[in-house]
Amino acid sequence: MRYLATIIGFTLCIPLIMVKKAFETNIRHQQIDISSYKDEHPFRLFFISDIHRRKITNHLVEEVGTDIHAVIIGGDLAESGVPLEQIEDNIKQLAKIGPIYYVWGNNDREVGERHIRKYIQNVGGIILENEAICVKTNAHHIWIVGLEDVSSGRANISKSFANVPEDDPIVFVSHTPFVFHKVKDRYTSDVLLAGHTHGGQIRLGKWGYYQKGELKKGRDEFTLISNGFGTTFIPLRLGAPAECHILTIKNKDF
(Lines give C-alpha, C1' and ligand atoms only; values in the text may rest on other atoms or scores of the structure.)
Protein backbone atom coordinates (compact mmCIF):
# COMPACT_ATOMS: atom_id res chain seq x y z
CA MET A 1 0.00 0.00 0.00
CA ARG A 2 2.83 2.39 0.86
CA TYR A 3 4.52 1.56 -2.47
CA LEU A 4 1.28 2.29 -4.33
CA ALA A 5 0.84 5.59 -2.45
CA THR A 6 4.37 6.59 -3.43
CA ILE A 7 3.67 5.90 -7.09
CA ILE A 8 0.40 7.84 -6.96
CA GLY A 9 2.08 10.75 -5.18
CA PHE A 10 4.88 10.86 -7.73
CA THR A 11 2.40 10.70 -10.60
CA LEU A 12 0.42 13.60 -9.16
CA CYS A 13 3.59 15.66 -8.81
CA ILE A 14 4.53 15.37 -12.48
CA PRO A 15 1.96 17.95 -13.73
CA LEU A 16 3.12 20.39 -11.06
CA ILE A 17 6.72 19.94 -12.17
CA MET A 18 5.70 20.46 -15.79
CA VAL A 19 3.89 23.71 -14.93
CA LYS A 20 6.93 24.92 -12.99
CA LYS A 21 9.21 24.14 -15.95
CA ALA A 22 6.91 26.07 -18.28
CA PHE A 23 7.34 29.27 -16.26
CA GLU A 24 11.04 29.12 -15.49
CA THR A 25 13.32 31.99 -16.46
CA ASN A 26 16.46 30.37 -17.83
CA ILE A 27 18.88 32.81 -19.43
CA ARG A 28 21.53 31.00 -21.46
CA HIS A 29 24.87 32.82 -21.73
CA GLN A 30 26.56 31.63 -24.92
CA GLN A 31 29.68 32.80 -26.74
CA ILE A 32 30.12 32.83 -30.50
CA ASP A 33 33.54 33.37 -32.08
CA ILE A 34 33.49 34.51 -35.70
CA SER A 35 36.44 35.71 -37.74
CA SER A 36 34.47 38.27 -39.76
CA TYR A 37 33.75 40.34 -36.66
CA LYS A 38 36.66 42.78 -36.35
CA ASP A 39 35.77 44.84 -33.30
CA GLU A 40 37.80 44.15 -30.17
CA HIS A 41 34.66 44.89 -28.16
CA PRO A 42 32.15 42.00 -28.22
CA PHE A 43 28.68 42.41 -29.73
CA ARG A 44 26.05 41.28 -27.23
CA LEU A 45 22.54 40.40 -28.33
CA PHE A 46 19.55 39.12 -26.44
CA PHE A 47 17.45 36.54 -28.31
CA ILE A 48 13.97 35.57 -27.18
CA SER A 49 11.31 33.71 -29.14
CA ASP A 50 7.88 32.18 -28.62
CA ILE A 51 6.74 34.34 -25.73
CA HIS A 52 3.09 33.50 -26.50
CA ARG A 53 1.10 34.01 -23.26
CA ARG A 54 3.97 34.69 -20.87
CA LYS A 55 4.71 38.04 -19.28
CA ILE A 56 8.11 39.70 -19.44
CA THR A 57 8.86 40.58 -15.82
CA ASN A 58 11.08 43.18 -14.21
CA HIS A 59 13.11 40.27 -12.87
CA LEU A 60 13.99 39.09 -16.37
CA VAL A 61 14.88 42.62 -17.50
CA GLU A 62 17.14 43.10 -14.48
CA GLU A 63 18.82 39.72 -14.96
CA VAL A 64 19.63 40.42 -18.60
CA GLY A 65 20.81 43.96 -17.93
CA THR A 66 21.25 46.76 -20.43
CA ASP A 67 24.71 46.01 -21.84
CA ILE A 68 23.00 44.70 -24.97
CA HIS A 69 23.43 45.98 -28.54
CA ALA A 70 20.30 44.31 -29.96
CA VAL A 71 17.18 42.61 -28.64
CA ILE A 72 15.98 40.13 -31.26
CA ILE A 73 12.42 38.82 -30.93
CA GLY A 74 12.21 35.66 -33.00
CA GLY A 75 8.48 35.56 -33.60
CA ASP A 76 5.38 34.36 -31.77
CA LEU A 77 5.45 37.34 -29.51
CA ALA A 78 1.75 36.65 -29.07
CA GLU A 79 -1.16 34.45 -30.06
CA SER A 80 -4.93 34.61 -30.15
CA GLY A 81 -6.41 35.44 -26.75
CA VAL A 82 -3.45 37.32 -25.32
CA PRO A 83 -4.58 40.75 -24.05
CA LEU A 84 -3.27 43.61 -26.16
CA GLU A 85 -2.16 45.44 -23.00
CA GLN A 86 0.06 42.50 -22.10
CA ILE A 87 1.64 42.40 -25.56
CA GLU A 88 2.34 46.12 -25.44
CA ASP A 89 3.80 45.87 -21.95
CA ASN A 90 6.03 42.93 -22.97
CA ILE A 91 7.45 44.99 -25.83
CA LYS A 92 8.04 47.96 -23.54
CA GLN A 93 9.84 45.71 -21.07
CA LEU A 94 12.11 44.24 -23.74
CA ALA A 95 12.86 47.73 -25.06
CA LYS A 96 14.38 48.57 -21.67
CA ILE A 97 17.13 46.05 -22.45
CA GLY A 98 18.13 47.40 -25.86
CA PRO A 99 16.99 48.25 -29.42
CA ILE A 100 14.25 45.93 -30.69
CA TYR A 101 14.52 43.89 -33.91
CA TYR A 102 11.54 41.66 -34.60
CA VAL A 103 10.47 38.99 -37.09
CA TRP A 104 6.92 37.69 -37.48
CA GLY A 105 5.91 34.29 -36.13
CA ASN A 106 3.08 32.10 -37.35
CA ASN A 107 0.80 33.06 -34.42
CA ASP A 108 1.48 36.79 -34.13
CA ARG A 109 -1.03 38.09 -36.65
CA GLU A 110 -3.86 36.34 -34.77
CA VAL A 111 -4.02 39.37 -32.44
CA GLY A 112 -4.07 41.89 -35.27
CA GLU A 113 -1.04 42.89 -37.29
CA ARG A 114 -1.68 46.61 -36.85
CA HIS A 115 -1.40 46.35 -33.07
CA ILE A 116 2.01 44.72 -33.09
CA ARG A 117 3.25 47.16 -35.71
CA LYS A 118 2.13 50.07 -33.54
CA TYR A 119 3.67 48.68 -30.34
CA ILE A 120 7.01 47.95 -32.00
CA GLN A 121 7.04 51.39 -33.62
CA ASN A 122 6.21 53.12 -30.33
CA VAL A 123 9.45 51.87 -28.76
CA GLY A 124 11.53 52.69 -31.83
CA GLY A 125 11.84 49.03 -32.79
CA ILE A 126 12.31 47.63 -36.28
CA ILE A 127 10.29 44.86 -37.94
CA LEU A 128 12.47 42.93 -40.36
CA GLU A 129 10.34 41.63 -43.23
CA ASN A 130 12.62 40.04 -45.81
CA GLU A 131 15.23 42.70 -45.18
CA ALA A 132 18.49 43.39 -43.42
CA ILE A 133 19.77 46.17 -41.22
CA CYS A 134 23.34 47.14 -40.40
CA VAL A 135 23.88 47.67 -36.67
CA LYS A 136 26.86 49.83 -35.78
CA THR A 137 29.21 48.89 -32.98
CA ASN A 138 32.18 50.74 -31.52
CA ALA A 139 34.59 50.15 -34.36
CA HIS A 140 32.71 47.81 -36.67
CA HIS A 141 29.19 46.69 -37.60
CA ILE A 142 27.06 43.61 -37.89
CA TRP A 143 24.13 42.74 -40.19
CA ILE A 144 20.85 41.37 -38.87
CA VAL A 145 18.85 39.67 -41.64
CA GLY A 146 15.18 39.00 -40.87
CA LEU A 147 12.84 36.68 -42.79
CA GLU A 148 9.06 37.08 -43.00
CA ASP A 149 6.95 34.33 -41.44
CA VAL A 150 7.08 31.33 -43.76
CA SER A 151 3.42 30.41 -43.14
CA SER A 152 2.34 33.82 -44.46
CA GLY A 153 3.55 32.87 -47.94
CA ARG A 154 5.59 36.07 -48.10
CA ALA A 155 8.98 34.77 -46.99
CA ASN A 156 11.70 35.68 -49.50
CA ILE A 157 15.24 34.64 -48.65
CA SER A 158 16.89 36.21 -51.69
CA LYS A 159 15.25 39.56 -50.97
CA SER A 160 16.40 39.34 -47.35
CA PHE A 161 20.05 39.04 -48.41
CA ALA A 162 19.86 41.39 -51.41
CA ASN A 163 21.98 44.21 -49.96
CA VAL A 164 24.18 42.31 -47.52
CA PRO A 165 27.96 42.11 -48.17
CA GLU A 166 29.18 38.52 -47.84
CA ASP A 167 32.35 39.44 -45.98
CA ASP A 168 30.58 41.26 -43.15
CA PRO A 169 29.39 39.50 -39.98
CA ILE A 170 25.81 38.33 -40.50
CA VAL A 171 23.10 37.15 -38.10
CA PHE A 172 20.12 35.54 -39.85
CA VAL A 173 16.79 35.38 -38.01
CA SER A 174 13.74 33.31 -38.91
CA HIS A 175 10.88 32.19 -36.72
CA THR A 176 11.14 28.68 -38.14
CA PRO A 177 14.44 26.82 -38.42
CA PHE A 178 13.21 24.75 -41.36
CA VAL A 179 14.63 27.28 -43.83
CA PHE A 180 18.17 27.07 -42.47
CA HIS A 181 19.31 24.57 -45.10
CA LYS A 182 18.17 26.86 -47.91
CA VAL A 183 20.05 29.79 -46.42
CA LYS A 184 23.23 27.78 -45.93
CA ASP A 185 23.11 26.48 -49.49
CA ARG A 186 22.96 29.93 -51.09
CA TYR A 187 24.19 32.57 -48.66
CA THR A 188 26.79 33.29 -46.03
CA SER A 189 25.60 33.60 -42.44
CA ASP A 190 27.77 33.46 -39.36
CA VAL A 191 24.87 32.93 -36.97
CA LEU A 192 21.37 31.55 -37.67
CA LEU A 193 18.64 32.02 -35.04
CA ALA A 194 15.16 30.51 -34.79
CA GLY A 195 12.54 29.24 -32.38
CA HIS A 196 9.11 27.82 -33.24
CA THR A 197 9.72 24.19 -32.25
CA HIS A 198 9.70 24.77 -28.46
CA GLY A 199 12.29 21.98 -28.31
CA GLY A 200 9.37 19.56 -28.49
CA GLN A 201 7.97 21.21 -25.33
CA ILE A 202 7.14 17.86 -23.73
CA ARG A 203 9.83 15.22 -24.13
CA LEU A 204 10.28 11.72 -22.77
CA GLY A 205 14.01 11.30 -22.50
CA LYS A 206 15.49 11.79 -25.96
CA TRP A 207 12.07 11.47 -27.65
CA GLY A 208 10.05 14.51 -28.61
CA TYR A 209 8.01 15.88 -31.50
CA TYR A 210 10.95 18.16 -32.35
CA GLN A 211 14.59 18.08 -31.35
CA LYS A 212 15.57 19.81 -28.15
CA GLY A 213 16.85 23.32 -28.76
CA GLU A 214 20.59 23.94 -28.74
CA LEU A 215 23.45 26.02 -30.07
CA LYS A 216 25.49 24.11 -32.64
CA LYS A 217 28.77 24.98 -34.28
CA GLY A 218 28.93 23.94 -37.91
CA ARG A 219 31.76 24.13 -40.36
CA ASP A 220 31.29 27.82 -41.16
CA GLU A 221 28.45 28.96 -38.95
CA PHE A 222 26.63 28.68 -35.64
CA THR A 223 22.95 27.73 -35.45
CA LEU A 224 20.74 28.32 -32.45
CA ILE A 225 17.27 26.80 -32.25
CA SER A 226 15.73 27.93 -28.99
CA ASN A 227 13.29 26.00 -26.83
CA GLY A 228 11.49 29.34 -26.60
CA PHE A 229 10.26 31.30 -23.63
CA GLY A 230 6.58 30.40 -23.59
CA THR A 231 4.38 27.47 -24.49
CA THR A 232 1.58 26.73 -26.93
CA PHE A 233 -1.73 24.89 -26.36
CA ILE A 234 -0.98 23.95 -22.75
CA PRO A 235 1.37 25.64 -20.23
CA LEU A 236 3.43 22.52 -19.60
CA ARG A 237 7.03 21.56 -20.30
CA LEU A 238 9.12 18.48 -19.72
CA GLY A 239 12.66 17.89 -20.91
CA ALA A 240 12.77 21.15 -22.89
CA PRO A 241 13.12 24.00 -20.37
CA ALA A 242 11.91 27.49 -21.20
CA GLU A 243 14.85 29.66 -22.22
CA CYS A 244 16.13 32.91 -23.69
CA HIS A 245 19.67 33.78 -24.67
CA ILE A 246 22.44 36.30 -24.26
CA LEU A 247 24.83 35.76 -27.16
CA THR A 248 28.27 37.32 -27.02
CA ILE A 249 29.73 37.60 -30.52
CA LYS A 250 33.45 38.21 -30.68
CA ASN A 251 36.61 37.51 -32.63
CA LYS A 252 38.70 34.97 -30.74
CA ASP A 253 41.89 36.70 -31.87
CA PHE A 254 41.08 39.81 -29.84
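Predicted model: local features only at pLDDT ≥ 70, side-chain atom pairs only at ≥ 80, totals over all residues.
Trainee: What describes a pair of aromatic rings?

Mentor: A ring pair is described by the distance of the centres and the angle of the planes. In this model the count comes to six aromatic pairs. One of them joins Tyr-102 and Trp-104, with 5.2 Å centre to centre and 75 degrees between the planes.

Trainee: Is that pair stacked or edge-to-face, and where is the cut-off?

Mentor: Planes over 60 degrees apart count as edge-to-face, so the pair of Tyr-102 and Trp-104 is edge-to-face.

Trainee: Does Tyr-102 count as buried or exposed, and what about Trp-104?

Mentor: Tyr-102 has 0% relative accessibility and counts as buried. Trp-104 also counts as buried, at 0%.

Trainee: What kind of pair do Phe-178 and Tyr-210 form?

Mentor: Phe-178 and Tyr-210 form a tilted pair, 5.8 Å centre to centre with 40 degrees between the planes. Phe-178 lies in the loop between strand S8 (170-173) and helix H6 (180-186), and Tyr-210 is in the loop between strand S9 (191-194) and strand S10 (214-217). The pair therefore ties together parts that are 32 residues apart in sequence. Phe-178 is partly exposed at 45% relative accessibility, and Tyr-210 is partly exposed with a relative accessible area of 27%.

Trainee: Which residues do ring pairs link into a cluster?

Mentor: The cluster consists of Phe-161, Phe-172, Phe-180 and Tyr-187.

Trainee: Which ring does the charged end of Arg-54 sit over, and which residue's face does Arg-109 lie over?

Mentor: The charged end of Arg-54 is over the ring of Phe-229, 3.8 Å from its centre. Arg-109 lies over the face of Trp-104, 4.2 Å from the ring centre.

Conventions: Residues numbered from 1 in each chain as written. Heavy atoms only, no water. Phe/Tyr/Trp six-rings, centres within 6.5 Å; stacked < 30°, edge-to-face > 60°. Buried < 20%, exposed > 50% of the residue type's maximum accessible area, 1.4 Å probe, protein only. Helix = DSSP H or I, 4+ residues; strand = E, 2+ residues; numbered from the N terminus. Lys NZ or Arg CZ within 6 Å of the ring centre and 35° of its normal.
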